[in-house]
Amino acid sequence: MIEETLVLIKPDAVRKKHIGDIIKIYETNDLEITAMRMLTMTKELAAKHYVEHLDCPYYSDLEGFMTSGPIVAMILKGEDAIKRVREINGKTNPKDAAEGTIRKLYAENGSRNAVHASDSPENAKREINIFFGE
Ligand code: CDP
Ligand code: MG
């Protein structure tokens, strides 16, 4: 099924000038960018996006990191995009991520891990709405 998913290139990867490298990987995998913007997240936006993580012990670090500099938000569209983009990104911690995945290539650690992607159709819809409106 053709799906849309929300991807964020996180502040660590933007700082290290990996925007182009990361976009190249998605496009090479036959994913189409249908919307894109650069922004710096506020604490309010971080809390909305990461609502499922608000009570986690790492949330204050995550909030500090995600608001520390510009990010790139984009909608990627393609066959089975939600699952496929998470596979292309790799496991949360680069130590566990497969060779060739974006996190294996560019993540610093399990927190500063280069990219975000939606994990379900419901969250894709919710997250796309946060960054791009209805
Ligand atoms: O991003 P992903 O869906 O792979 O992982 P998650 O478990 O949904 O966690 C969301 C984000 O929180 C991660 O990508 C990390 O940036 C951060 N995190 C963290 O800093 N420390 C952890 N122990 C777990 C997650
Ligand atoms: Mg997640």
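A residue counts as buried when its relative accessible area is under 20%. That cut-off is applied below to this predicted model.

Select glutamate 127 first. With a relative accessibility of 4%, glutamate 127 is buried. Arginine 126 is partly exposed, its relative accessible area being 26%. This pair is one of the 3 salt bridges in the structure.

Next, select glutamate 108 and lysine 16. Their closest N and O atoms are 3.3 Å apart, and the two form a salt bridge. Glutamate 108 sits in the loop between helix H6 (102-106) and S4, and lysine 16 in the loop between helix H1 (11-15) and helix H2 (19-28), so the contact ties together parts 92 residues apart in sequence.

Move to helix H5 (residues 81-89), where glutamate 87 and lysine 83 lie 4 residues apart, about one turn of the helix. A salt bridge joins their side chains at 3.6 Å, N to O.

Now display the largest pocket, which holds about 440 Å³ of space. Lys10, Tyr50, His53, Thr92 and His116 are the closest to its centre among the 24 lining residues. Helix H4 (59-66), strand S4 (115-117) and helix H7 (121-132) each give two or more residues to this lining, which divides into 6 nonpolar, 9 polar and 9 charged residues.

Finally, display the second largest pocket, with a volume of about 150 Å³. Of its 11 lining residues, Glu4, Pro121, Ala124, Lys125 and Ile128 are the closest to the centre. H7 supplies the largest share of this lining, 5 residues.

Conventions: Residues numbered from 1 in each chain as written. Chains lettered and ligands numbered in written order. Predicted model: local features only at pLDDT ≥ 70, side-chain atom pairs only at ≥ 80, totals over all residues. Heavy atoms only, no water. 1 Å grid on protein atoms, 1.4 Å probe; cavity = no way out; pocket = protein on both sides within 12 Å on 5 of 7 lines; lining within 4 Å. Points joined across faces, edges and corners; volume = space filled by probe spheres on them. Nonpolar A, V, L, I, M, F, W, Y, C, P; charged D, E, K, R; others polar. Salt bridge = Lys/Arg side-chain N within 4 Å of Asp/Glu carboxyl O. Buried < 20%, exposed > 50% of the residue type's maximum accessible area, 1.4 Å probe, protein only.
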